[in-house]
Each structure stands twice: as structure tokens, then as C-alpha cells.
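Visitor: Let's go through this one together. I'll ask as things come up.

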Amino acid sequence: MKLTPLAMAVLELLLEKPMHPYEMSQVMRARHIEAKANVKPGSLYHAVERLESHGHIEVVDTQREGRRPERTVYGVTEAGRDAFVARAKAMLGAVAPEYPEYASGLSALSELDREDSLAELRTRALKLQAEAAADQVIMDSLEAKPLPLVYWLDVRFMAARREFELAWTKQLIEDITTGRVEWVPAESEDEA
């Protein structure tokens, strides 16, 4: 089983302490794990089921509070710890192909109308600015905590990556607007 980013996040939490999926969801939300993994309730429960079926985690307890439904608490197995360490090493050391939609959109830019393209790029820049501002709020809150930097390197990386994309997109808008990037309109069917 190849460990997905969500499975890695689950194992990382369970390496800290045993938890039930609802608690995992709460901790993931508080730690902004959604920046690096697709965290939805259904996908989280599916990841937990897959990890258990492959022997990476196991049931360590069941709890019931008042009239709430019973909650299953999971812990990491030795095989899970080994798989986590192996995958973490691979994720750090290997350069894996990624297929970002933005790059595909950029390759199709010349097929679009110049003004439409600029409007979409400006929209993207505004969204990136909002996300960068949210990143800064998160970074400020993390810096205010007595939390060693090693625990939030992923947050710093994602924020830096977003800042780069924002700067690059703004420069592209300027380059198209000023003509530094020459706009070559796509051939119309009449011209072909």
C-alpha cells in the first residue's frame, strides 16, 4: 500500500497518541492539514479503514461518552511506524512528478483571448493574495506558540510556494500587459 498524504497525516497523528477518527479530524483542522492532504470526513474514514486493513493501525480502545455513539480509538502498529518512516524518507528524497492544473492552463493560454486570459490571471492573483494572507495569519499564530520550527516546516513550505506563485503570476500579468510576453493569437478556423 502506497501511503497517500492523508494516510501519512493519520499515521503522524497516531504516532503522537492513539485517537479516534473524529479527534483526528479536529486536530487536522486545527493544524491546517488540508494544505497538504485532501481531508474530508469520508476520505478520512476511508484512509483509516485502509490503514487498518493493511495492518498499519489497530484498534486499541472503544469509548463512549454519555449518549454519544461508540468511538473506536486507533493506534499505530510497528508495521505502520516502519511504513511511515519509509514513505517519509521517500517523499523527502525523491522528486515525484506532479501535475498542477496551472501549468496546463498556462500551456493553453495562447488559445484564449488575451483579455479573457488577463482577467483569469488577475482573478487567480486575487485568490492567491487572499490565501497568502491566510497563510500569514497561520504562520503568525504558529510563531507565537512555543513550538519548534521542525513541526511546521510543511506550513512554511506551502506558504513560500504560494508566495512564489503569486509573484510569478503578477509578473506574467505585467509582462502580457506591457508586451514583454508577445501575444500570439490562436489561428481562427477562417484563417486555417
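Predicted model: local features only at pLDDT ≥ 70, side-chain atom pairs only at ≥ 80, totals over all residues.

Visitor: Which residues line the largest cavity?
Guide: Q63, R64, E65, R68, P69 and R71. The space inside is about 30 Å³, and the count comes to one cavity of 30 Å³ or more. On a 1 Å grid over the protein atoms alone, a cavity is a set of points where a 1.4 Å probe fits but cannot get out. A pocket is an open set with protein on both sides within 12 Å along at least five of seven lines, and lining residues have an atom within 4 Å of a point. Grid points are joined across faces, edges and corners, and a volume is the space filled by probe spheres set on the points.

Visitor: Pockets, then. What is the volume of the largest pocket?
Guide: About 1,800 Å³. The lining of this pocket takes in 39 residues, and P5, E12, K36, M91 and D154 lie nearest the centre.

Visitor: Which helices supply at least two residues of that lining?
Guide: α1 (5–16), α4 (78–93), α6 (114–143) and α7 (153–178) each do. Helices (H or I, at least four residues) and strands (E, at least two) are DSSP runs, numbered from the N terminus. By class, the lining of the largest pocket has 26 nonpolar, two polar and eleven charged residues.

Visitor: And the second largest pocket: how many residues line it?
Guide: The second largest pocket has 15 lining residues, with P100, Y102, R124, R161 and E165 nearest its centre. Its volume is about 450 Å³. Eight of its lining residues are nonpolar, none polar and seven charged.

Visitor: Which element gives the most to that lining?
Guide: α7, with six residues. α5 (101–107) and α6 also supply at least two each.

Visitor: Stay on α7. How many residues does it have?
Guide: α7 has 26 residues and reaches 37 Å from first C-alpha to last, close to the 38 Å expected at 1.5 Å a residue. The expected span is 1.5 Å times one less than the number of residues. After α7 comes G179, with a positive phi near 90 degrees.

Visitor: What do the buried residues of α7 pack against?
Guide: α5 and α6. V155, A159, R162, L166, T169, L172, I173, D175 and I176 are the buried ones. Buried means under 20% relative accessible area, exposed over 50%, and partly exposed in between, with a 1.4 Å probe and protein chains only.

Visitor: New topic. Which residues have the most contacts inside the largest nonpolar core?
Guide: V10, L14, M24 and M28, in a core of 23 residues. α1, α2 (21–30), α3 (41–53) and β2 (71–76) each supply at least two residues of this core, and α1 gives the most, with eight. A nonpolar core is a set of buried Ala, Val, Leu, Ile, Met, Phe, Trp, Tyr and Cys residues joined through side-chain atoms within 4.5 Å. A second, separate core of eleven residues includes Y102, L166, I173 and W183.

Visitor: Back to L14. What does it touch?
Guide: Not counting residues up to four places away in sequence, L14 touches M19, M24, I57, Y74 and V76. Contact means heavy atoms within 4.5 Å. L14 is among the buried residues of α1, along with L6, A7, M8, A9, V10, L11 and L13. Their cover includes α2, α3, β1, β2 and α4.

Visitor: Which residues of α2 are buried?
Guide: P21, M24, S25, V27 and M28. They pack against α1, α3 and β2. H32 follows α2 and has a positive phi, near 60 degrees.

Visitor: Last one, E58. Why does E58 count as partly exposed?
Guide: Because its relative accessibility is 40%. E58 is in strand β1 (residues 57–63), in contact with V73, Y74, G75 and T77, leaving aside neighbours within four places in sequence.

Definitions and conventions
Residues numbered from 1 in each chain as written. Heavy atoms only, no water. Nonpolar A, V, L, I, M, F, W, Y, C, P; charged D, E, K, R; others polar.
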